[in-house]
Amino acid sequence: MQTLEPILAEHPFFKGLKPEYLQLITGCASNVRFDTGTYIFREDEEASQFYLIRQGKVALEIFAAQHGPITIETIEAGEVLGWSWIFPPYRWHFSGRVFEPTRAIALDGKCLRAKGEADHDLGYELMKRVAQIMMERLQATRIRLLDMYGDNPGGRL
Amino acid sequence: MTFTLPEPMLPQLYRIQHVRREIPDTFTLELEPKDGGEIPPFGTGQFNMLYVFGVGEIPISISGDPAKRRPLVHTTRAVGTVSMAMRELKTDDVIGVRGPFGSQWPIKQAEGKDVVIAAGGIGLAPLRSVMYHISSQREKYGKTVLLYGARTPTDILYRRELENWRAHFDLEIYVTVDRATGSWRGSVGVVTQLIPRAPFDPKNTIAMVCGPEVMMRFTVVELEKRGVALENIYLSMERNMKCAIGMCGHCQYGPNFVCKDGPVFQYSQIQGLLSKWEV
Amino acid sequence: MNTTLPKIHDRVVVDRDHLQDLFVTLANKGYQVVGPTIRDHAIVYDTLTSVADLPIGYTDEQNGGTYRLKKRADQAVFGYAVGPHSWKKFLFPPVKRLWQAKREGNSFEVIPENDEVPRFAFLGARSCELHAISIQDKVFMRTEYTDPTYQSRRKNLCIIAINCGQAGGTCFCTSMGTGPKATSDFDLALTEVMGNDLHYFVVEVGSQLGTELLETIPHREASLDDIQLAEDIVANTAEHMGRSMDTTGIKDLLYRNLDHQRWDDVASRCLTCSNCTMVCPTCFCTTVEDVTDLTGEHAERWRKWDSCFTMDFSYIYGGSIRASTKSRYRQWMTHKLASWIDQFGTSGCVGCGRCITWCPVGIDITEEVRAIRESESTPTKAAKEQN
């Protein structure tokens, strides 16, 4: 049976980690797959896992009373899904709904969090990587906020 | 190009054969010369100056197939006096056409390489002629990827054609919207987010980018991050144009005249200008 | 009368009393003579019918934002520098209809212009102005496109140049390498010589037309003394320029200082009135206006001088690219002194000083360049470029 370690080592999120950390993380990893329409997680549920998407498409949704579910963003192959596992209150802010059949590596965030608290070097490495993803998402969100394809970029009259 | 242009400030008369409503505010005109003459050959990326009788003239990219010159095709967004007046025109109405003007997309330099076409909003219109060209000469190009970002699903331009290219022409088409509406099941996110996972070899790629300046700047950043050399990235710029022949001075961008040194520029040529304010 | 006619580069002497013969000769050859004349307390360029129309015995006092006519102690015919007009108004008309159109149902007909092309003789063109014409030649007559209006007027042009006998208060042609001596592109070049009750012109022949003109103008061969006198007058002019500009590496100097604080400084003074672009002999920007009559049946396209200082100039849907005064002044100055070199191979500035004289707040292009240049060599970073 092929271990997940080489796959994790290759992934941009885990690149450059010390081998012992990588082994540790592999111990918390498993292969998962989801069919279209599945909700991987729902708003407000405990966020104990996060996912490296290998194939497929997952939509981050929020349910707005009269409007039904609204897709905020889609997370696709190569991207990381979920950072709520590392920040209190450790609950998902959005629902994750599968748009296309998805294969991913699930990681036990709760376990990693505990290990990061115990070993701050590991904690720092994890936090650096999560911060990088957040930065990229924030940057992309800012660009979308500009509404640059419209007549009114940045809300100017 | 050996075709001699008539007096460059005199419009040639073209009759509207067909008006197609595209997405809200955007329409496509298909034109034929009024007296059945020749349509001058054009290169991808070039534009014409379109004149509405008594109203004025604006530069619009040619978005048709360069190999199939008739009819002459222009997609326009109605945002100003002239384009709004143009939107009211009907089949058989006559408009004035001057051109073609401007520099072209590097379709020759791209032969034998992978091609990334990144478009935002109405920016897909000047790049459609490239898509036509590549799909008709598919064997000359490597992996070809179109990355298209629109505001919402109702703002996706040429939607049916995108489906057609995806289905029939060995072209990778990725579409994303800034905001999802209704039952959209495609990608939601800014077009630059499509770049990291797009299938092309950055070491052997020509990238052609067109859209709002902000979008183009961020797209270049992502392409560069993936290892595309700056001299292999081409952008299409837009400025106020009155004459389109480099004499009225309005379209200047640094030392460049966008009407004749552009609108297509190699990124390395204008790199220093893009981040400067009010240049 | 001489029996052998002078050839190109030969110098002859024409007496002041025979200057009128030049007018007659030009008129007989079908030229419309235009040149300096006084109107509204300034020396402008307009149609001249005789020597009497010239500003005889007048001079100008120019400085930043200042122009005054003064009477001279003598009766010099060309004893002044340049005024608010430049010759571009003749070759490149400020307002020009390009074509007309007539509506026909849902179509229309385009009617091109059938201009009568005037044959101008520029009487009194200075060396800086000859360079300006040569610079505009490069703008309007190119391999891909040529402006037919400019080309037709340029082809028929006769130029009677004047070698300046005094430098203007804002002149800096020596800095730009454009004068004060006219060296080419003229048919005749005159240097006015006065003294000891003598008043004559040393005339250099510049073309075959120049030789032909002299056929009907009484003249004598210039002596070596005459020639030396004329050279001395011009050399003296060169020593008394009102301004100067160091053009060493000026293109890169301006290109690397696009964010310099000095632009904010000049923006606080500039009114964006566009006077500088109107008086500049090389500024060539135009706009195109499409108009109709009230019935909507008849349309016309007009070309008019425009200025990069207006808000509209860089407008594309949504707003202007150059909205701030700072960006517009920077555009004008960097175009004139830097980008022009990349575009056309020469500077766009000929050192005539008009922009300094006619700026209502006296902004001085030579001073702006000096300020930026000096800020780079001072050890303190007080006025350094910001990013």
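Two residues are taken to be in contact if their C-beta atoms, placed from the backbone, lie within 7 Å. By this criterion, 38 residues of chain C are in contact with 33 residues of chain B. The structure is a predicted model, in which local features need pLDDT of at least 70 and side-chain atom pairs count only at pLDDT 80 or more, while totals for chains, interfaces and linings use all residues. Residues are numbered from 1 along each chain as its sequence is written, and chains are lettered from A and ligands numbered from 1 in the order in which they are written.

The predictor assigns the complex an ipTM of 0.92 and a pTM of 0.92. Per-residue confidence is given as pLDDT, on a scale from 0 to 100. Chain C has a mean pLDDT of 95, with 97% of its residues at 70 or more. For chain A the mean is 91, and 96% of the residues reach 70 or more. Helices (H or I, at least four residues) and strands (E, at least two) are DSSP runs, numbered from the N terminus. Within chain A, confidence is lowest in helix α1 (residues 5–10), at a mean of 87, and highest in strand β2 (residues 39–41), at 97.

Chain A contains 4 helices and 6 strands, arranged along the sequence as α-α-β-β-β-β-β-β-α-α. The C-alpha atoms of chain A fill a box of roughly 55 × 30 × 30 Å along the principal axes. A residue is buried if 20 or more other C-beta atoms lie within 10 Å of its own, exposed if 12 or fewer, and partly exposed in between, with C-beta atoms placed from the backbone. Of the 157 residues of chain A, 29% are buried. Among contacts in chain A with a separation of 6 or more, 70% are between residues 24 or more positions apart.

Chain C is divided into domain 1 (11–239) and domain 2 (250–377), with bounds from an automatic or database domain assignment. The C-alpha centres of domain 1 and domain 2 of chain C lie 25 Å apart. Their contact involves 37 residues from domain 1 of chain C and 32 residues from domain 2 of chain C. On the domain 1 side, two or more residues each come from β5 (66–71), β6 (95–104), α3 (127–140) and α5 (173–176) of chain C. The largest share, 9 residues, belongs to β6(C).

The side of chain C that touches chain B receives two or more residues each from β6, β7 (107–112), α3, β13 (286–292), β15 (315–316) and α11 (325–344) of chain C. Its residues divide into 21 nonpolar, 12 polar and 5 charged. In this division Ala, Val, Leu, Ile, Met, Phe, Trp, Tyr, Cys and Pro count as nonpolar, Asp, Glu, Lys and Arg as charged, and the others, Gly among them, as polar.

Strands pair if DSSP finds at least two bridges between them. An open sheet of 4 strands in chain C has the order β7-β6-β14-β13, with antiparallel pairing. Strands β7 and β13 of chain C stand at the edges with a single partner strand each, so one side of each lacks a neighbour in the sheet. Strands β13(C) and β14(C) (residues 298–305) pair in the antiparallel sense over 7 bridges; C:Val291 has C:Glu300 in β14(C) as its bridge partner.

C:Thr292 lies in strand β13 of chain C. This residue counts as partly exposed because it has 15 C-beta neighbours inside 10 Å. Not counting residues up to four places away in sequence, C:Thr292 touches B:Gly54, C:His298 and C:Ala299.

Technical notes. pLDDT = per-residue confidence, 0-100.
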